[in-house]
Amino acid sequence: MHDTVMLEAKGRPTAAIVTREFVLEAETQRDALGMTGLAPVVIAHPLSSLTDDEIQRRIEEALPQVERIWLGAAAT
């Protein structure tokens, strides 16, 4: 989240991707860093043990969220 906040502060739309298990932690860090409007991209957990097909499904899950963030207004 630190890198995401830094890039957003420079006006670069950025998408932080987290699994559902880490949403609270990501939001806590985001809030502590003063960028409460930054929405994380949330995908299913886990990641480390996935097959190539499962990774492709995670990409498909993330892509619409990433596009919405990149094409939308920068976080405040």
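**Figure legends: close-up views of the predicted model**

**View 1. Threonine 19 in strand β1.** Threonine 19 counts as buried because its relative accessibility is 7%, where buried means under 20% relative accessible area, exposed over 50% and partly exposed in between, computed with a 1.4 Å probe on protein chains only. The residue belongs to strand β1, residues 17-19; strands (E, at least two residues) and helices (H or I, at least four) are DSSP runs numbered from the N terminus. The model is a predicted one, in which local features need pLDDT of at least 70 and side-chain atom pairs count only at pLDDT 80 or more, while totals for chains, interfaces and linings use all residues. Residues are numbered from 1 along each chain as its sequence is written, and side-chain values use heavy atoms, with hydrogens and water left out.

**View 2. Surroundings of threonine 19.** Beyond its neighbours within four places in sequence, threonine 19 is in contact with Val42, Ile43, Ala44, His45 and Leu47; contact means heavy atoms within 4.5 Å. The side chains of threonine 19 and histidine 45 are joined by a polar contact of 2.8 Å. A polar contact is a pair of N or O atoms within 3.5 Å; within protein, one must be able to donate a hydrogen and the other to accept it, and residues adjacent in sequence count only if both atoms are side-chain atoms.

**View 3. The peptide bond between histidine 45 and proline 46.** Histidine 45 and proline 46 are linked by a cis peptide bond, with omega at about 5 degrees. Most peptide bonds are trans. Proline 46 is located in the loop between β2 and α3.

View 4. Leucine 50 is placed in the loop between β2 (41-43) and α3 (52-71). With a relative accessibility of 16%, leucine 50 counts as buried. When residues up to four places away in sequence are not counted, leucine 50 touches Ile55 and Arg58.

**View 5. The protein chain as context for the close-ups.** Three helices and two strands make up the secondary structure elements of the protein chain, and their order along the sequence is α-β-α-β-α. Of its 76 residues, 33% count as buried. Among contacts with a separation of 6 or more, 65% are between residues 24 or more positions apart. Along the principal axes, the C-alpha atoms fill a box of roughly 35 × 25 × 15 Å.
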